[in-house]
Amino acid sequence: MKTVEQYREAFLDHLNSKLFVKEPRNLYEPMRYILQLGGKRLRPILTLIATDLFDADYHKALNAAMAIEMFHNFSLVHDDIMDKASLRRGETTVHKKWNTNIAILSGDAMLVKAYQLLDDYPTEVFSLLTKILSRTALQVCEGQQWDMDFETQTEVSIPDYLQMIRYKTAVLIGAALQMGVIIANASPENQMPIYIFGEELGLAFQLQDDYLDAFGDESFGKRIGGDIIENKKTILYLTALKLADEQQRKTLLQHYATAEDSQQKINSVKALFEATGATTAVRQEIEHTTRRALSALTELTISDEKRHYLKEFALKLMDRKV
């Protein structure tokens, strides 16, 4: 197995070799722009790792890894339009840098490119990969629709919220790993355990994002409490509502009924999260979800050394302050 950084470098080399601008420039330049903005490259790295786990040449998975990254960024371009976001990874979003019509069309082209990147795989492998990508793409769309629906709903249940983030975020991580196993021509029995590992890890990662938005480390320049200012119904908010007494619930709902942008609002809501026990409950849920991810590794037919590699990868991914 390689280091995570070695897989990342291999992927970035492949990505850069594929990125070129042709006519019409207003279609292809935004595609190159969003793909070069950076990010963790978590999903394509996992595709390469999964292929390497089963003693196949991970370079064979580079096109599939790029397809996953292409689809992920397609979804980000469209999400930014729907959210009216101005920044993505600290830079101007595509629809702000160009315009909404260009962003929509470039995003659509990225989705097409994601499928084209799978064309060179053998017919049977191609069929399995496209089936996974199609299933996952529809789930991501469903998750995004639920997310938008929740913005206008007064009440959102915790199970519904977990389903939303599972579809919007976690399933693509599971798919990235499953595609790597298929390219390695590993035993089909390995596909579901590694998919579950990825999906549960993705769910834990997103829950931790919610938590860190309120209780993360400010030293990295991220504004703490942004979700509170935007009145987002995160796992902390929903858990606090569930655990709150009548007065706490009333106060929390009042805070989320205003467009106030102040440190006082952030501090008051965070205090409610702590007083209701929501912070403890959410941390426990993150731990339980991470354990579910790790337990799936026991079903993989790989060496203990490789199992340990995946476990360490997961634990390092979750050991963050921002």
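**Note on the cavity, pocket and helix contacts**

1. By the rule used here, the count comes to 1 cavity of 30 Å³ or more. A cavity is a set of points, on a 1 Å grid over the protein atoms alone, where a 1.4 Å probe fits but cannot get out. Grid points are joined across faces, edges and corners, and a volume is the space filled by probe spheres set on the points.

2. This is a predicted model, in which local features need pLDDT of at least 70, side-chain atom pairs count only at pLDDT 80 or more, and totals for chains, interfaces and linings use all residues. Residues are numbered from 1 along each chain as its sequence is written, and side-chain values use heavy atoms, with hydrogens and water left out.

3. The largest cavity has a volume of about 30 Å³. Its lining consists of Asp-210, Asp-213, Ala-214, Asp-227, Ile-228, Thr-234, Tyr-256 and Phe-273; lining residues have an atom within 4 Å of a point. Helices (H or I, at least four residues) and strands (E, at least two) are DSSP runs, numbered from the N terminus.

4. The lining of the largest cavity divides into 4 nonpolar, 1 polar and 3 charged residues. Here Ala, Val, Leu, Ile, Met, Phe, Trp, Tyr, Cys and Pro count as nonpolar, Asp, Glu, Lys and Arg as charged, and the others, Gly among them, as polar.

5. The largest pocket has a volume of about 2200 Å³, a pocket being an open set of points with protein on both sides within 12 Å along at least five of seven lines. The lining of this pocket comprises 50 residues, and Arg-88, Gln-206, Asp-209, Asp-227 and Lys-232 lie nearest its centre. Asp-227 is also listed in the lining of the largest cavity.

6. At least two lining residues of the largest pocket come from each of α3 (42-53), α4, β1 (87-88), α7 (123-152), α8 (158-183), α9 (191-215) and α10 (226-229). The biggest contribution, 9 residues, is that of α4. By class, the pocket lining has 16 nonpolar, 12 polar and 22 charged residues.

7. Helix α4 (residues 62-83) also packs against α6 (residues 100-116): their axes come within 8 Å and cross at roughly 160°. Axes are lines fitted to C-alpha atoms, for helices over the stretch in contact, and angles run from 0 to 180 degrees between N-to-C directions. The two helices α4 and α6 are therefore roughly antiparallel (an angle over 145 degrees). Their crossing is left-handed, that is, the near helix is turned anticlockwise from the far one by less than a right angle.

8. In the contact of α4 with α6 (heavy atoms within 4.5 Å), the α4 side includes Ala-67, Met-70, Phe-71 and Phe-74, and the α6 side includes Ala-103, Ile-104, Met-110 and Leu-111. The contact residues divide into 11 nonpolar, 4 polar and 2 charged.

9. The axes of α7 and α8 come within 8 Å and cross at roughly 165°, so this pair is roughly antiparallel too. The crossing of α7 and α8 is left-handed. Residues of this contact comprise 16 nonpolar, 6 polar and 5 charged.

10. Two backbone points in loops can be checked. A cis peptide bond, with omega about -5°, joins Glu-23 and Pro-24; Pro-24 lies in the loop between α1 (4-18) and α2 (25-35). Asp-55, a residue other than glycine, has a positive phi near 65° and lies in the loop between α3 and α4.

Key: Parallel < 35°, antiparallel > 145°, perpendicular 65-115°, else oblique.
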